[in-house]
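Here's a quick briefing to read with the model open beside you. It starts with the whole chain and then zooms in on a few spots.

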Amino acid sequence: MKASEVIKRYAAGERNFRCVNLTSQSFKNQDLSGADFSEADIRGTNFTLAKLRGTNFSGAKAGLPNPSKIALAMVLILIAAFSGVTLGLASISATSLLTPETIEQYGMLPIVVIAILWVLFSIITIRQGLETSIGFVGVGGVCAVSIAVAQSGTASEVWYGAVAGAGPILSLVVLAAVVATTLAMAGVGAIAAIVAVVVIFTVTPALTSPNTMAVNVAVAMVIAIALLPTYIAWQALAENHRYISLGRIAITLAATGGTSFRHADLTNANFTRAILKNTNLEANLTCTCFDQAKKLHLARVGGTYLNNSDVRQLLITRKARQKNLNRLNLRGVNLAGANLADVNFTGTDLSEANLQNANLFRAKLVQVQLDKTDLTGANLTAAIIEDWGINNDTKLHGVRCEYVFMREPTRDDPNPYRKPDNWEEKFKDSEFSDFITPILKTLDLYHNQGVNSRAIAIAYRQLVENNPEADLQIVAMELRGNNKDKFLLRLETSQATGHSELSKEYFDNYNQLKSLPTDHLLLLLAEKDNQISRLEKMIGTAISPCPSEIVAPVNQQQNKLVFLMIGARDAEQGFPSVMAQIWLEDVKLLASCQGNLPLETEIIQLYQRWQKIYRYQSLASRQLKRPKDNLTDISPRQLHQLSQDLQRHFNTWLNCEGFRKIADTLRQKLNESDSIRMIIQTENIELQRLPWHLWNFFDSYRQAEVAWSSQSGVSTTKSIFSRNKVRILAIMGNSEGIDLEKDREVLEKLPNAEIEFLVEPQRTQLNQHLWNEQGWDILCFSGHSETIVNGSTGVINLNQTEQLTLEELRNALAKAIECGLHLAIFNSCDGLGLARQLADLPIPQVVFMREPVPDVVAQEFLKNFLQAFSGGKSLYLAVREAREKLQGMEKDFLYASWLPVIYQNSAEIPKTWQDFIRASHS
């Protein structure tokens, strides 16, 4: 098949090119990633600079095409003939020194020097290598012969003696290269032809001599010397270090005209069982598979990890038990599934390597580099991991490990620091990843002099505010030192964060703050938010705890906060990074654990089907536009069946192996009587849409409610006011088809509230009220709304003619938040986009409806929520109570109790109704 045809089919989407004949075709600079060339004939094919990521060459036949073999063989024969002539002339020159006339004129010195030269050259070549023998014997010998003859001969005789001395050496070197190239190209069978040519062209010059002795000696020299270049060539291709240069030259020559992958990108390419003789593999070989590849030692591999014969053998056989592979450059090797038990990798660079499911039992991984290495499913039981170089990009998902040793035992320190420390204890499934991963992602701020809790709290907050992209979160605080007078603050960071720069910035600020007078620090604390005050108290408690701050008994009701942080979605692994933190009173970290969630597209699809049918119901909702889908054959029974399937799949998903440890930890650390705020931190909109209240965890924990949050909460500095009533800005939007008077009646009955109503206001009027310098505590919108642009944008119908997004009120809303706006209630339809836009500002809390809400359901929820909230219940429990009361309406309004949702800024604490009634705002 022609290259143009392959390129055309590949561009059309075809990837299967199995068993095709691509001999001598050119794909230079082409992108053929993911194509299947298994069992194809690619001899002489040019893939120079091609992009071949993930391309399958298993069983392919690479190397020299027949025309190239013939041409190269002809060149080798010509070179062999030249060497034969040189050897023949050298033989005649040497034997001429044995004539009676020559001996009488010059004596035996020339022939003795030549004989010694040849013998020394052969011995040194075998024992020390070709380069050494040429350097020390060849040059010295030629000089010696020249000097000896020059003492009594003419210029022609000097030349004659030099040829006699140096000719066999030159011929031997050239013949060794020719034989090695022939072996690399065509194997042992072709050597006979080369030897025949040498013999012919060696003996022919001698036959022209009238001296019978010259003929006899020439033939004897050929027989004696022909064996040496054959031995050298064999050893060169066997990678004997004495002849390594000759071997490389021979392989380079033999690969000329063969398959070329020079400078190609072969990342994750597959050469399983491929024949790679006479192939140029000087390419990007990151994670390239050479399992059972054939004749790889005859490929041109300069500058790659294939240069090492031990590495090649390891990649081909996948076995290296008990071998010493220390200090090697194995960057990017593919050893997936390899048996590497007891292998010594001390100081080895395994960065970017594929070690999936590899057996590293008892492997010595001391100071090994594992940057971006994939250890998924690998067995690390009993491995020694002293000073190993893992980082955030090292993949440890599913690592199998019962225990590891943190140190290499020595005579002076025989304790290998086993983990777990109890020698009878073993890591359970996925526990090793949980144990080692926090070490990778944490910024450790170690305070060894004069610990000042106030300075730490302020410096930490400044670091968070100055580096929002770092996603800084406290995961641990520890007292250190013999006298417990040192302090370690451990922060989790995002993967791309530079820890060195963050540490320098923090300690520059901390040391400056520590030197300030106490009253200055107190003033700075007063300017910060409540979270910093809690952090200062928490650090002070950790440094100097007092009895009154000891944790209450487990059977006593406590306020607990649960963060469930779900990282980015991976197309293959789902959500590989899930972390849970349990806090007491938002101050003391009680527990932290990690897990993962698999990809579960069926849950998303079930919710989308449920959502489509739910939205098509003919209900008087606070949604102006009906869905355009022309659905038929829908019924409450179908919706009910979908909801049951969704709930069942959702709980099965959260009961998976990767998440079970988190669920078990929550149940161990939380009491059923605790008041619990659970915050799901994720940027994934599909997870934000899911009805998390369906998790059966909430069946047991009746005082718990769930909210979602963006990944990193940001607190804003708020103005200080003095007032004794809750200020509420109530926006009554477009009331077409709905009754908003019920909402107004509920708001008017609230105790200790100062309410200003805006009925179908103009945009300028709303903007002006949001900029009010006195500020607002609560914003309540009633009317029509919807979410557009893939869930990222919310739209409210302000009046009969005007519709706008919250982005169009961004500056006014930001000002309102600075002036104390703490809670926004959107008693309207499909409010996810509204909450997501407010989260960017950021606002502390939003209560909204995830789907279109029937008018009477919206009225009932607002009444029940505000009664519970103003009556003293926390925001979370007030929402849960009001949401669950809606179940009584579900005979007529299906799944009404699924609708209310909380958004929570994780850097803020929800206020109670009494918190809004204050003498001062702090």
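What follows is a short tour, grouped by topic.

This is a predicted model, so bear in mind that local features need pLDDT of at least 70, side-chain atom pairs count only at pLDDT 80 or more, and totals for chains, interfaces and linings use all residues. Residues are numbered from 1 along each chain as its sequence is written, and side-chain values use heavy atoms, with hydrogens and water left out.

**The whole chain**

- The protein chain has 27 helices and 19 strands; these are DSSP runs numbered from the N terminus, with helices being H or I of at least four residues and strands being E of at least two.
- Of the 922 residues in the protein chain, 54% are buried. Buried here means under 20% relative accessible area, exposed means over 50%, and partly exposed is in between (1.4 Å probe, protein chains only).
- The protein chain exposes about 40500 Å², and carbon and sulfur atoms supply 51% of that. The areas come from the Shrake-Rupley method with a 1.4 Å probe, and for residues only the protein chains shown count as cover.
- Take the contacts in the protein chain with a separation of 6 or more: 59% of them are between residues 24 or more positions apart. A contact means heavy atoms within 4.5 Å.

**Helix pair α12 and α13**

- Helix α12 (residues 453-466) packs on helix α13 (residues 499-514) at an angle of about 140 degrees, and their axes are 9 Å apart. Axes are lines fitted to C-alpha atoms, for helices over the stretch in contact, and angles run from 0 to 180 degrees between N-to-C directions.
- α12 and α13 are therefore oblique to each other. On this scale, angles under 35 degrees are roughly parallel, over 145 roughly antiparallel, 65 to 115 roughly perpendicular, and the rest oblique.
- On the α12 side, the contact is made by A455, I456, I458, A459, Y460, Q462, L463 and N466, and on the α13 side by L502, E505, Y506, N509, Y510, L513 and K514.
- Sorted by class, that contact has 10 nonpolar, 3 polar and 2 charged residues. Ala, Val, Leu, Ile, Met, Phe, Trp, Tyr, Cys and Pro count as nonpolar, Asp, Glu, Lys and Arg as charged, and the others, Gly among them, as polar.

**Helix pair α25 and α26**

- Helix α25 (residues 855-870) and helix α26 (residues 875-885) cross at roughly 145 degrees, and their axes come within 8 Å.
- α25 and α26 make a right-handed crossing.
- From α25, F861, N864, F865, A868 and F869 meet L875, A878, V879, E881, A882, R883 and K885 of α26.
- The class count for α25 with α26 is 8 nonpolar, 1 polar and 3 charged residues.

**Buried loop residues**

- I385 sits in the loop between α10 (309-317) and β1 (404-405), and is buried with a relative accessible area of 2%.
- Beyond its neighbours within four places in sequence, I385 contacts L365, V404, F405, M406 and I436. I385 and M406 are 21 residues apart in sequence, with 5.4 Å from C-alpha to C-alpha.
- D830 lies in the loop between β17 (823-827) and α24 (832-839), and is buried at a relative accessible area of 3%.
- Not counting residues up to four places away in sequence, D830 touches R615, R689, E786, T787, M849, R850, E851 and P852.

- K419 and P420 are joined by a cis peptide bond, omega about 0 degrees; P420 is in the loop between β2 (418-419) and α11 (431-441).
- Another cis peptide bond joins L841 and P842, again with omega about 0 degrees, and P842 is in the loop between α24 and β18 (845-849).
- C19 isn't a glycine, but has a positive phi near 65 degrees. C19 is in the loop between α1 (3-11) and α2 (66-96) and counts as exposed at 52% relative accessibility.
- N268 isn't a glycine either, and has a positive phi of about 65 degrees. N268 lies in the loop between α9 (244-254) and α10 and counts as partly exposed at 44% relative accessibility.

Key:
A crossing is left-handed if the near helix is turned anticlockwise from the far one by less than a right angle, and right-handed if clockwise.
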